[in-house]
Amino acid sequence: MPLPSTLEKLSALIAENSISSVLPEYDQSNEGVINLLAGWCRDLGFEVSIMPIEGHPGKFNLLATYGRGPGGLVLSGHTDTVPCNPEKWTSDPFTLTERDGKLYGLGTCDMKGFFALALEALEQVRDKTFHQPLMILATADEECSMSGARALSQSTGPGGRYAVIGEPSSLRPVRMHKGIIMDSIRVTGRAGHSSNPALGINAMDAVHEVMGELKNLRAELAENYRDAHFAVQTPTLNLGCIHGGDNPNRICGSCELAFDLRALPGMSNDDLREEIRRRMNPIAAQNNVEMSFEQLFPGVEPFAESENSALIKEAERLTGHTSVAVNYATEAPFLQNLGMETVVLGPGSIDQAHQVDEFMALDQIEPCVNILRNLIERFCLTPARD
């Protein structure tokens with residue numbers, strides 16, 4: 001039986017609801033997507049391994065390997081999507097719909113479409129001799145916790161020498177991105193009647209000082225760190241949300257502030273978290289409050305690949321674009337830490353990701369397949385170079 005066409009594959013992938021979310025009522029298993037990819041890969045001659053994610057029931061990674069030998073190329077993507085609001089879509093987000101030269105559906109560009117195009121690229125060269133393996137890596141939960149990539153980073157990994165992460169980059173190679181921290185600071189004082197401030201300890205007053213110190217840190221980071229490769233050239237620190245108190249005539253007994261911090265390559269998330277805690281300790285002591293810190297998710301480190309990397313140079317040659325830096329985060333640091341030269345390069349625009357009526361333009365398909373086929377020829381069909 002012949003394999004489904006590229007669009008049929010994409011249609012089947014879109015039909016599988018694989019939303020990941022920190023909210024249990026929205027979170028779904030990615031098993032349906034994994035099983036589709038596993039079946040197609042086996043039909044193409046891959047050796048397939050499906051790996052459950054410990055501590056995350058219903059979530060799986062997939063590693064499919066075609067050919068043998070040292071090194072090789074990994075084509076990697078995540079199988080999950082963000083939640084959506086179907087009532088706001090022009091068409092069903094779980095039905096691939098073509099109109100006006102675009103393919104609409106949840107995950108078309110972010111990033112189920114990449115898997116369909118990667119398999120098409122292999123089909124065009126699989127009758128040739130592979131000196132190094134091609135690997136398809138599919139991960140879980142990139143959109144909420146990156147649990148799939150984290151689990152992979154604690155294993156021996158896929159073993160490839162080069163990795164392409166097919167996030168939507170409009171087919172421009174990305175060799176740098178910022179990291180991300182999302183944390184909260186909870187301040188606990190003591191509630192009391194507002195008519196007498198001595199009856200309590202106002203947590204919101206202390207959080208006012210916390211916010212001021214975080215703004216001081218933001219200004220210092222912007223002054224001391226800069227990278228001209230980025231559109232936003234400095235680290236950013238956003239005070240995202242605040243919750244505290246329960247009534248105007250009651251002293252606020254507890255208040256929580258959540259923020260995100262996006263560091264430049266060369267900076268360390270752990271060092272930044274330690275610096276924030278160091279700055280908060282005097283505020284807690286001076287205000288006689290308790291202060292606790294929570295990582296809302298473990299964070300992603302900044303990513304940078306050398307501009308002299310063989311993979312970066314080949315990606316630039318094939319796309320005709322100089323590699324760029326972006327402000328969003330990906331799974332790239334996890335693969336790079338496994339010893340692979342890594343680039344982010346995929347079809348569709350990041351502007352469409354996480355949007356109502358997400359789409360991938362049809363004119364991205366053939367160029368993407370050509371780029372991936374050429375990367376396979378360069379890094380899998382050519383004998384390994386020392």
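Q: Is Glu275 buried, partly exposed or exposed?
A: Glu275 is partly exposed, because its relative accessible area is 22%. Buried means under 20% relative accessible area, exposed means over 50%, and partly exposed lies in between (1.4 Å probe, protein chains only). This is a predicted model, in which local features need pLDDT of at least 70, side-chain atom pairs count only at pLDDT 80 or more, and totals for chains, interfaces and linings use all residues. Residues are numbered from 1 along each chain as its sequence is written, and side-chain values use heavy atoms, with hydrogens and water left out.

Q: Which side chain does Glu275 meet in a salt bridge?
A: Glu275 meets Arg278, at 2.8 Å from N to O. A salt bridge is a side-chain nitrogen of Lys or Arg within 4 Å of a carboxyl oxygen of Asp or Glu. Arg278 and Glu275 are three residues apart in helix 6, so about one helical turn separates them. Helices (H or I, at least four residues) and strands (E, at least two) are DSSP runs, numbered from the N terminus.

Q: Why can such side chains pair?
A: Side chains of opposite charge can pair when their charged atoms come close.

Q: Which residues are linked with Glu275 in a network of salt bridges?
A: The network links Glu275 with Glu213, Glu220, Arg278 and Arg279. Within this group, Glu213 forms a salt bridge with Arg279, with the closest N and O atoms 2.7 Å apart. Glu213 lies in helix 5 (residues 203-224) and Arg279 in helix 6 (residues 269-287), so this pair ties together parts that are 66 residues apart in sequence. Arg279 counts as buried, because its relative accessibility is 12%.

Q: How many salt bridges does the structure hold?
A: The structure holds 15 salt bridges.

Q: Moving to helix 7, which residues are buried there?
A: Leu311, Ile312, Glu314, Ala315 and Thr319 are buried in helix 7. Seen down the helix axis, these buried residues fall within an arc of 165 degrees (taken from the directions from the axis to the C-beta atoms), so they line one face of helix 7.

Q: What do they pack against?
A: The buried residues of helix 7 pack against strand 7 (162-165), strand 8 (174-177), strand 17 (341-344) and helix 9 (365-381). Contact here means heavy atoms within 4.5 Å.

Q: Which residue forms a salt bridge with Glu314?
A: Arg317 does, with the closest N and O atoms 2.7 Å apart. Arg317 is exposed, at a relative accessible area of 56%, whereas Glu314 counts as buried at 11% relative accessibility.
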